[in-house]
Amino acid sequence: MAPIAIDTPNSVQERSSADDVAELKAQLQASRADIVLPPDNTLRRYQKAGIDLSNGYPYFPPKPDFVQDVTKIRTDLREYVDPGTRADKEKKALLGAAKEVRDLGTWIGTEIVGLQLKDLTDQQKDELALLVAERSVVFFRDQDLSPQQQQELGLYLGQGEIERHPQAAQVPGLGGGVSLIWEKGRKDGLLNARSYRVPYGGGQFGWHTDLVHEAYPPGYTHLHQDTVPPVGGDTLWASGYAAYDKLSPTFKKLLDGLNGIYRSAHKYKDQENPEADAKYVTRVHPLIRTHPVTGWKALWINQAMTVGIEGLDKAESDVILNYLYGVYERSTDIQVRWHWTPGTSAIWDNRTTIHTVSYDYDGERHGTRVSSLAEKPFFDAKSRSKAEDLQLERWVNTPDLANRY
């Protein structure tokens, strides 16, 4: 007699999950013929979380028309206490509960194995904030995390406030604040004409820091990727602490206390002259930023959205900024490159990093992002750099190398 095929528990579970998703897709498509659906992995996650897609996907909030309206968003005085300031410096509750803690680079990037973000205690969340402040980006694979739980963590890290983007596609039914990283969900066409040939700076979105035009930009940003391509689509981060410490003492003194001019990613009409060309929202912030938890200085610029240095002519500003961009973007020793797998979360410090995606992938890349609002950027003249504070060998009191090129 021929052997009889018997389903294993895993294959039964996978088939059941596939059947559930297929049934859900059929129901949604029957209700709305024009509905746009996220990838299957995302649907499974949403189905488990009770996310209702019957009114369409994604949700787009009302878009402000005028640059004046966007400039006024979230400008009320905000007193923010970073949860990292409450944390045990040794982070025993967080690190002691992990199966493994892996530093991915000397300056930046740590992976924590064996913890679920949804189960963290308040003490562990405080220690996570401290770890992110120190290591700039922390990764967690295999997370069973609903958008609601991601939103709750963001509210905790942001002391009750998360960024609700007026342009970004959102997960419906959550009141805003859980935005999508998904090319199909964009209305602005920013990534639709993606070219493999064109280098960064040639029209694509390269190294950047999120929402620098805001009065109170995000501190901690949490991206959970539920669907990723099998090859490519990595994200890279670079350390603003280390970029600052690569500068000579004299150059540091020149930059300390200067302000940068930062712009939004999108343009808006001018209410006073609606027929004129659209304008970016601009904001002035310190070029060198002091972190409220570590007390360390970080270079806070990015090529996509820093447009000048206050008080300098454009030619002068361009020379300085272009040099700083090169230090930040070309120094591979202060960067980490992360290859995503489905169900992975990355939480990074938006105050001490730049990041970019590697556009070397086909297929869908879908994730949910929550950005926790933080303090107004500030520079403390008494603060020190990371290398100075920790007296890091070969970083302090080290001359430039002769004939290094």
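Q: Where does Arg369 lie?
A: In this predicted model, Arg369 lies in strand E15, residues 366-373, where helices (H or I, at least four residues) and strands (E, at least two) are DSSP runs numbered from the N terminus. Residues are numbered from 1 along each chain as its sequence is written, and side-chain values use heavy atoms, with hydrogens and water left out. Because this is a predicted model, local features need pLDDT of at least 70 and side-chain atom pairs count only at pLDDT 80 or more, while totals for chains, interfaces and linings use all residues.

Q: Is Arg369 buried or exposed?
A: Arg369 is buried, with a relative accessible area of 15%; buried means under 20% relative accessible area, exposed over 50%, and partly exposed in between, using a 1.4 Å probe and protein chains only.

Q: And what is Arg369 in contact with?
A: Leaving aside neighbours within four places in sequence, the contacts of Arg369 include Gln150, Asp210, Thr221 and His222, a contact being heavy atoms within 4.5 Å.

Q: Switching to Asp103, which strand is that in, and is it buried or exposed?
A: Asp103 lies in strand E1, residues 100-103, and at 54% relative accessibility Asp103 counts as exposed. Not counting residues up to four places away in sequence, Asp103 touches Gly109, Thr110 and Arg135.

Q: How many aromatic pairs are there?
A: A search of the whole structure finds 10 aromatic pairs; rings of Phe, Tyr and Trp (its six-membered ring) pair if their centres lie within 6.5 Å, and planes under 30 degrees apart count as stacked, over 60 as edge-to-face and the rest as tilted. One of the pairs is Phe139 with Trp237, whose ring centres are 5.4 Å apart with planes at 70°, so this pair is edge-to-face.

Q: Where in the chain do Phe139 and Trp237 lie?
A: The pair links distant parts of the chain, with Phe139 in strand E3 (residues 137-140) and Trp237 in strand E6 (residues 235-239), 98 residues apart.

Q: What about Phe251 and Tyr323?
A: Their ring centres lie 5.8 Å apart with planes at 50°, so that pair is tilted. Phe251 counts as buried at 17% relative accessibility, whereas Tyr323 is partly exposed, with a relative accessible area of 43%.

Q: Which charged end sits over the ring of Tyr280?
A: That of Arg263, 4.0 Å from the ring centre; a charge sits over a ring if NZ of Lys or CZ of Arg is within 6 Å of the ring centre and within 35 degrees of the ring normal. Arg289 likewise lies over the face of Trp300, at 4.7 Å from the ring centre.

Q: In what order do the strands of the open sheet come?
A: The 3 strands run in the order E8-E7-E11, with antiparallel pairing, and two strands pair if DSSP finds at least two bridges between them. Strands E8 (279-286) and E11 (306-309) are the edge strands, each pairing on one side only. Strand E7 (residues 259-268) is joined to E8 by 7 bridges.

Q: What is the average pLDDT of the chain?
A: The chain averages a pLDDT of 89, and 90% of the residues score at least 70; pLDDT is the predictor's confidence in each residue, from 0 to 100.
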